[in-house]
There are 2 protein chains.
Amino acid sequence: VTLIDGRPGESIPVTDRGLNYGDGLFETVRLHEGEAPLLARHLQRLRAGCQRLGLPYPGDATLEADVRALLSDGPENGVLRLVLTRGDGGRGYAPPPGAHPRRILSVHPLPDQPGEGLRVGVCRTRIGRSPALAGLKHLGRLEQVIAAGEIVRQGWDEGLMLDESDLVIEGSRHNLFYLRDGQLLTPPLPAAGVAGVMRALLLEVMPQAGLSGGEATLRYHELHEIESMFLCNAVVGIRPVKALADRPLAPVAVLPQLRAALVEAGARWVA
Amino acid sequence: VTLIDGRPGESIPVTDRGLNYGDGLFETVRLHEGEAPLLARHLQRLRAGCQRLGLPYPGDATLEADVRALLSDGPENGVLRLVLTRGDGGRGYAPPPGAHPRRILSVHPLPDQPGEGLRVGVCRTRIGRSPALAGLKHLGRLEQVIAAGEIVRQGWDEGLMLDESDLVIEGSRHNLFYLRDGQLLTPPLPAAGVAGVMRALLLEVMPQAGLSGGEATLRYHELHEIESMFLCNAVVGIRPVKALADRPLAPVAVLPQLRAALVEAGARWVA
């Protein structure tokens, strides 16, 4: 089922600026037992992204109504994709004054869950550095598309992406946490990457799980110093990495505490 | 008039990967007196881009037939936008095997031509560095959208975009040539920018115009050393810059020779 501006639909005008310029944002929301437990956090991030782009935010009430309509008629569990484009706008990059954003919401099955522990490689495809777009989940995912092709060819479960300067940024579809010297760390994202909802939640609940840490840069040549690592996103929660480029990693000992803290914060499906 | 996969149409499925991931390329082709004089060069670039992205190229014959169909029914002069997406592909970044690309061709009026000479500023919006995408005219133009908003607010005709390291890359919708020590130069684009069809043609015909030069990096702090500058793209041809951030620039003395060489090479409308 797909809702376009609140009404069932399957197509959009070719003049949509999301298509023509990647002029829009999206959220990927976990649906669990007929609810969208982290929806408020997704909408908060979407609103912040709209402010950065000068894109009119449709308002929580409108988007919540869209989600309710989809949930009333859809599967209990799955993935909600919420796309917001700047609407129609002809030719030319300049955002048209009085743009009327377009909302596209669709529900998809949960992705396959590989067994306990991911086998992860390091992509040759570099992630770009763009301070103007860093952190945003915008519609231009072509680097991730190229990386995903590489990951499929290599037979990995996921691949880490480095920027030009050999900083480890994230996976192609997950953020990344790692343990070093007893601290739980994740790369800062001032110039590249998506600031994920699950990443933010983990940074927030870390103390409740008895962990200290935060943001810390990670370079390619430091990867061999890492004891253990996990990937995360708002659909799958936490996924431990069991092997990084053929090197086995230690299990993430604090996983039960972290999952408990996430459940406490609303991410009930990660239990 | 819009042709989608060769047939008149106004909408595309919401599952299109161009919309959802920016997974596609486009060309902006000048239509002049009922013809598309540089079409062969545009198709050559499109084919090369498809090879980089593993996107099946529809073939010259198919695209030429699309263009002929549009020209037979459209205005004599204008702008043809040719979008090629990876077609439909559900959720997930990995390019689906056997993807069937979608062709979207539309005709638009020529943009307003400001009088002789552009007033150009330097954008605060930085252009990203992405070796994976550099040179490609891909669908993710969100940095240019942000820059275009800045250019409108500032009242400039166009803005130059720098990368993070203060390299001058291009304008928001033009490539850039500058004259220094009698040489005609343009920034190399190994990590950022669009390698434009008009830029390539100018590099090619430069000797016929009696000019030497080529690619040479240009840093922000070197802008004050430049005698004169022009911008170019395949729609407008050459546009001299008369003022750069309030500093008047000298006229581009070699403009008549360059325009004559471009006309000779097929870009007849720049005369």
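Axes, in this talk, are lines fitted to C-alpha atoms, for helices over the stretch in contact, and the angles between them run from 0 to 180 degrees between N-to-C directions. Helices (H or I, at least four residues) and strands (E, at least two) are DSSP runs, numbered from the N terminus.

Good morning. What you see is a predicted model, in which local features need pLDDT of at least 70 and side-chain atom pairs count only at pLDDT 80 or more, while totals for chains, interfaces and linings use all residues. Residues are numbered from 1 along each chain as its sequence is written, chains are lettered from A and ligands numbered from 1 in the order in which they are written, and side-chain values use heavy atoms, with hydrogens and water left out.

Let me begin with chain A. Helix H2 (residues 39–53) and helix H5 (residues 197–205) of chain A have axes that come within 10 Å and cross at roughly 110°. H2(A) is therefore roughly perpendicular to H5(A); angles under 35 degrees count as roughly parallel, over 145 as roughly antiparallel, 65 to 115 as roughly perpendicular and the rest as oblique. The crossing of H2(A) and H5(A) is right-handed. A crossing is left-handed if the near helix is turned anticlockwise from the far one by less than a right angle, and right-handed if clockwise.

Which residues meet here? On the H2(A) side they are Arg41(A), His42(A) and Arg45(A), and on the H5(A) side Val197(A), Leu201(A) and Glu204(A), where contact means heavy atoms within 4.5 Å. This contact of H2(A) with H5(A) has two nonpolar, one polar and three charged residues. For these classes, Ala, Val, Leu, Ile, Met, Phe, Trp, Tyr, Cys and Pro count as nonpolar, Asp, Glu, Lys and Arg as charged, and the others, Gly among them, as polar.

I turn to chain B. There the axes of H2(B) and helix H3 (residues 60–73) come within 11 Å and cross at roughly 135°. H2(B) is therefore oblique to H3(B). From H2(B), the contact involves Leu39(B), Leu43(B), Leu46(B) and Arg47(B); from H3(B), it involves Asp60(B), Leu63(B), Glu64(B) and Val67(B). By class, the contact of H2(B) with H3(B) has five nonpolar, no polar and three charged residues.

How do the two chains meet? In chain B, 56 residues are in contact with 56 residues of chain A. Between them the chains bury about 4200 Å², 67% of it on carbon and sulfur atoms; buried area is the accessible area (1.4 Å probe) that two parts lose on being put together, summed over both.

Finally, charge. Side chains of opposite charge can pair when their charged atoms come close. A salt bridge is a side-chain nitrogen of Lys or Arg within 4 Å of a carboxyl oxygen of Asp or Glu. Over all chains, this rule gives 34 salt bridges, and across the interface of chain B and chain A it finds two. Glu164(B) forms a salt bridge with Arg129(A), with the closest N and O atoms 2.8 Å apart. Within chain A, Glu158(A) forms a salt bridge with Arg173(A), where the closest N and O atoms are 3.6 Å apart. That pair links distant parts of the chain, 15 residues apart: Glu158(A) lies in strand S8 (residues 158–162), and Arg173(A) in the loop between strand S9 (168–171) and strand S10 (175–180). Thank you.
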